[in-house]
Every structure is written in structure tokens, then in C-alpha cells.
Amino acid sequence: MKLLTPRTAWHPTQLLAVMVLWLTTAGNLPFWMAIWRLPETQGLRALTTMGSLWVILLALLTWFLCLWVWPRWLKPVGVAMLVTVTSSSYFMLTYGVVIDASMLANVVQTDVREVRDLLSWPMLAAVLMGVVLPGVWLWRQPIRSVPAKSLIGRQLGTALLAFLVAMGVFWMSFQDIASLTRNHKQLRYMINPFNSLYAVTLLTVGQAAQATRPLQSIGEDAKLLKTPSSEASAPLVVLILGETARAANFGLGGYARDTTPQLRQLRAQGDLVYFSDVKSCGTSTQASVPCMFSHLGKSAYESSKDRYESVLDVLQRAGMAVLWLDNQSGCKGVCDRVPSVATTALKVPEYCASGECLDEVMLHELPQQLAALDPLKRAQGTVVVMHQMGSHGPAYYKRSPAAMKPFQPECSSHALQNCPPEHIVNAYDNSIVYTDHFIAKTVKWLQAQSRPTALMYLSDHGESLGEKGLYLHGMPYSLAPKEQTHVPMLVWLSKPLQRERQWDMNCLQSQSAKALSHDHLFHSVLGLTQVSTQLAKPELNLFSACAAGR
Ligand SMILES: [Zn+2]
């Protein structure tokens with residue numbers, strides 16, 4: 001029998017060892033580069049630290065793969081591992097991101113348009129070097145057939161030995177490694193493929209647990225404080241949900257460039273307040289949006305496993321008409337029970353020339369979409385959410401029309417690594433200028449309505465534009481730089497609404513530098529719409545301190 005097997009055929013455990021060697025070394029390029037660059041790993045110290053980490057990782061991967069990768073699975077698992085470590089390495093090296101459950105959730109929720117923005121030549125090169133070449137090599141290797149009993153003995157024996165080696169080296173270099181991971185927490189999220197496997201497990205377990213739970217209704221006692229006599233006197237509140245806008249580049253917040261000229265004029269008229277110290281709930285759309293519209297607030301939201309309705313359900317329950325217009329990748333469950341319209345379905349050539357739509361398309365659609373809502377509810381008041389494309393990257397240049405690009409030259413590639421940093425910032429700032437235009441145009445439309453109107457704008461998270469080597473967003477919150485969590489927020493109130501409510505704009509202005517967060521959105525929306533419920537927390541309502549009679 002032995003003669004029939006070519007001499008060069010691999011013993012399955014040997015081929016597994018080659019795979020482990022590749023995954024540990026080439027498959028962890030960003031991890032090794034990050035350690036090499038640390039100030040405390042220099043000279044001999046660098047070699048010993050990296051040497052022991054390399055042995056530990058090699059041994060842990062051997063242990064892990066020997067336990068469950070048997071010959072029949074070796075090649076498909078090998079290719080899957082190559083895809084996993086190459087894609088995670090590519091994003092870590094290109095954008096400085098790390099891999100955790102929220103980043104993965106972000107990736108899973110990404111739609112086709114967004115994926116297209118990420119494709120580039122360097123990415124194709126990475127796929128060729130990291131997946132195609134080693135994958136083809138692996139697939140073509142002959143594997144010797146080994147009797148099951150001896151194979152099991154060898155693989156389990158190797159696994160045990162590898163585990164002991166990993167523990168031994170870890171014990172010997174404990175101090176070194178412990179201080180390294182304590183001082184540089186991001187390293188933990190950079191170890192391929194354990195980072196991805198851990199994130200997938202957390203995400204699937206979490207989602208599976210949540211899916212089995214019934215949706216809990218909230219604010220069942222919700223009602224309007226005052227019933228309007230007709231639609232003409234009922235309030236119309238627009239909530240603009242910003243995308244990837246960071247406070248650092250908002251002119252109103254003191255940025256050196258005037259990226260918000262139109263909003264500045266509106267503020268000068270006294271009807272607009274910009275809040276300069278607002279923290280986001282998460283660092284991605286997927287993490288922030290459901291949290292912002294939840295009654296729980298960041299900490300309770302993150303620790304809760306239950307599914308709850310959002311503030312939109314409460315408004316609807318109080319009798320108001322609610323509408324969600326989406327120019328983004330959906331409302332992440334927040335608008336499931338209210339009328340919603342995605343702009344991609346509308347096909348408005350004026351604003352959607354490239355298949356993606358500029359945010360103004362939502363304003364263009366607003367009148368007819370409002371008219372389609374239930375008239376009985378409209379008579380009680382209307383709340384519209386417009387979910388922006390905003391400053392969504394990396395293709396920032398697509399977020400502003402040609403006529404609205406004051407900052408030149410701008411990076412006109414979605415492969416950010418091809419552009420000098422200042423061109424990336426130019427393209428990003430142009431997207432903020434367009435957001436300024438979009439919000440101001442919406443305010444002007446609201447001013448033209450004779451009824452009481454209001455607008456609130458709040459971004460879902462910020463963005464890194466190359467500071468500390470980081471790009472885009474989605475860092476684990478505890479590691480995220482301020483650029484990703486400090487977001488712009490503003491409120492504009494029409495004169496009729498100010499008069500009717502007897503709200504004092506100077507008072508609101510005096511709140512503008514307070515430390516606020518996404519936790520304030522739920523309660524401030526209830527305050528703005530005058531919906532009363534036991535759930536409402538006045539201390540998280542921006543308007544409660546400025547209402548007359550308080
Ligand atoms: Zn977002």
C-alpha cells in the first residue's frame with residue numbers, strides 16, 4: 001500500500017504545521033509591525049519579546065488547529081483562514097483599525113455600495129499575495145492517508161505538547177507580555193485569526209440570544225401634553241441623523257476652517273444652538289444608531305440583552321405621525337414599525353447620478369412623503385428622521401457635489417493611502433460643507449412652513465483622518481480616539497415654536513458647552529415633541545431647564 005502513495009505527499013499534521021507557520025508569521029504582519037514600532041521594544045528587548053510572542057502564538061495556533069482540523073477539513077479550513085487573516089490584516093494595515101465584535105457587526109451590515117468604496121488595487125494585491133498564491137499552493141499539496149488511530153494520537157499529542165510550550169513560554173515572559181498588553185490594549189485585537197474568531201463567536205452568540213427574546217414595548221403611557229386643534233398648528237420636527245461627522249471639523253465648534261458658513265448665519269439670527277461637547281454612544285453606525293434611539297442610555301443599553309422599542313414607537317403611540325427617510329444603509333431596526341423610505345428606491349436622477357444619492361434627495365422627497373402619512377396622525381404632529389450619507393468614508397469626495405467643494409485639492413480616490421493627508425482632510429471638510437448646506441436648506445424649508453417647526457441634528461459617531469495612523473471609525477470604544485467619539489449636535493427652533501412653548505433661546509444657548517451625550521437624544525426628542533411618559537428623564541432633556549415656569 002505504501003508504494004502507491006507518492007513519497008512527497010505530506011503527513012497531514014506536517015502540512016498543518018506549515019499552515020500554522022504561515023498564519024503565525026505572514027498572517028500576522030500587522031501585529032509584528034505594531035510590536036516592532038513600540039518604543040519599549042527596542043534592540044535586544046525587541047528580539048526577546050517578539051521571539052517569545054512568536055513561539056506562544058505558534059504553539060497556540062498549533063494547539064487550536066490540531067484539536068479540530070482533521071485531514072478532510074485541512075484544505076477548506078486553510079483557505080478560510082487565509083481569507084480571514086488576509087482581510088483582517090489588510091484593514092488593520094490600511095486603516096489602523098482593529099478587529100472586535102462591533103467592527104465585525106459593522107462589516108456584516110455594510111451594503112454593496114459601501115464595499116465598492118473599499119475596493120482598490122492594493123486590496124487586490126493583498127488578496128493575491130495572502131489568499132490566491134498560498135491558497136493555490138495549499139490546495140495542490142498531496143496528503144498522505146494515515147490510519148485514523150495513529151493520526152488521532154499524533155494530532156492530540158502535538159496539541160498537548162503545543163499547549164504546554166505556550167504555557168511555559170508565557171510563564172517565562174509573563175512580565176514582559178503583561179506590561180505590553182496592558183499599555184497597548186489594541187494589540188489584543190490584532191492577533192490573527194483569534195481576533196476574528198472571538199468577534200464572530202461574541203456576535204453570533206449575542207445575536208442568537210437577542211433574537212429569541214420578545215420585543216418589549218416601552219412608554220405605553222405616552223401621550224401628548226397638548227392636543228393641537230389641526231395640522232396647521234401641530235408641530236413638525238425634523239431630526240437629521242448625521243453620518244461620520246466629527247465635531248473637530250465642524251466650523252460651529254471652533255474648527256479653524258469655516259466648514260459651516262450657512263449654519264453660522266442661522267446661529268447669528270439667534271434661533272440655532274450648537275452643542276460643543278457631545279459624546280457618541282458607539283464608534284460605528286451599527287453600535288450608535290440603536291443606542292441613540294433607545295431609552296436605556298449607553299451603559300444600560302450595552303449591558304442589556306433585551307430588545308426594546310425605540311423612541312419612534314413612543315412618538316407613534318402618543319398619536320404622532322412618524323417617518324424615516326434613509327440615504328444610508330438602513331435604520332438598524334430603529335424604524336421597523338414606522339413608515340420608512342430608502343432613497344435608493346426613489347431613482348431621482350437629479351441627486352442620484354452615480355447610483356448613490358446626495359443627501360438633498362431626502363429634502364426633495366420630503367413634501368410628498370409627508371403627504372402620504374396618515375392625516376389623523378399628522379393632525380397631532382409629525383416627526384421625520386432623515387438619515388444622512390453625510391461624511392461616510394473612505395470615498396469622502398463622493399459626499400459633496402462639484403459646485404460645493406471649496407477646499408482643494410481633494411483626495412478623489414477611495415484608497416486613502418494614495419492621497420496626502422491634507423487632501424483627505426479637504427475631501428472630508430467638503431463633505432461637512434455639504435452637510436452644512438443640507439441642514440441649512442432644511443431649516444429654510446421649515447421656516448417657510450407656517451406651523452411650529454424644529455430641527456435637531458446629531459451625528460452617529462466621528463471619524464479618524466490619519467491621526468495616530470488611524471483612519472475611518474469603529475475602534476473599540478475604550479481605545480477609540482476623541483475624533484471618533486466627539487460628535488456635533490445642534491438644535492434650531494422656529495419662532496412660532498419658541499413662542500408657543502415660551503422657550504428661551506438664551507437659556508438654551510447657556511447649555512451649549514455642557515457635557516452631553518447620545519443619552520440625551522431620547523429624552524430631548526420627547527421634550528421637543530411634548531410627549532409625556534413615565535420613561536422621560538428631565539435631566540437628560542435639553543429643553544427641560546429652559547421651559548417657562550421652571
Ligand atoms: Zn455611521
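Mentor: What follows goes from the chain as a whole to the pocket, then to the metal site and some other parts.

This is a predicted model, in which local features need pLDDT of at least 70 and side-chain atom pairs count only at pLDDT 80 or more, whereas totals for chains, interfaces and linings use all residues. Residues are numbered from 1 along each chain as its sequence is written, and side-chain values use heavy atoms, with hydrogens and water left out.

Of the 550 residues, 54% are buried, a term for under 20% relative accessible area, with exposed meaning over 50% and partly exposed in between (1.4 Å probe, protein chains only). Among contacts (heavy atoms within 4.5 Å) with a separation of 6 or more, 79% join residues 24 or more positions apart.

The part to examine is the largest pocket, with a volume of about 1600 Å³. On a 1 Å grid over the protein atoms alone, a pocket is an open set of points with protein on both sides within 12 Å along at least five of seven lines, while a cavity is a set where a 1.4 Å probe fits but cannot get out; lining residues have an atom within 4 Å of a point. Points are joined across faces, edges and corners, and the volume is the space filled by probe spheres set on them.

The pocket is lined by 45 residues, and those nearest its centre are Gln210, Gln286, Tyr301, Glu302 and Ser304. At least two lining residues come from each of α5 (101-108), α10, α12 (285-292), α13 and β5, and α10 gives the most, with eleven. By class, 21 lining residues are nonpolar, 14 polar and ten charged. Here Ala, Val, Leu, Ile, Met, Phe, Trp, Tyr, Cys and Pro count as nonpolar, Asp, Glu, Lys and Arg as charged, and the others, Gly among them, as polar.

An α-helix has 3.6 residues a turn, so residues three or four places apart point the same way. Glu302 is partly exposed, at 48% relative accessible area.

A second salt bridge joins Arg213 to Asp306, with 3.1 Å between the closest N and O atoms. This pair links distant parts of the chain: Arg213 is in the loop between α10 (194-211) and β1 (215-216), and Asp306, 93 residues away, is in the loop between α13 (298-303) and β5 (307-308). Arg213 is partly exposed at 32%, and Asp306 is likewise partly exposed at 24%. The whole structure holds 15 salt bridges.

The zinc ion forms another site. Its protein donors are Glu243 (OE), Glu243 (OE), Thr285 (OG1), Asp460 (OD) and His461 (NE2), at 1.9 to 2.6 Å. Donors are N, O and S atoms within 2.8 Å of the metal (3.2 Å for Na, K and Ca), and the site may look incomplete because water is not among the atoms. Along the chain these donors follow the spacing E-x41-T-x174-D-H. Glu243, in the loop between β3 (236-242) and α11 (261-268), and Asp460, in the loop between β9 (453-459) and β10 (464-465), are 217 residues apart and link distant parts of the chain. Glu243 is buried at 1% relative accessible area, and Asp460 is buried at 0%.

Two further features complete the setting. The structure has one cavity of 30 Å³ or more, lined by Cys357, Leu358, Asp359, Met389, Gly390, Lys398, Arg399 and Tyr434. Helix α21 (residues 519-529) has ten of its eleven residues buried, so it is largely enclosed by the rest of the structure.

Terms used:
Helix = DSSP H or I, 4+ residues; strand = E, 2+ residues; numbered from the N terminus. Salt bridge = Lys/Arg side-chain N within 4 Å of Asp/Glu carboxyl O.
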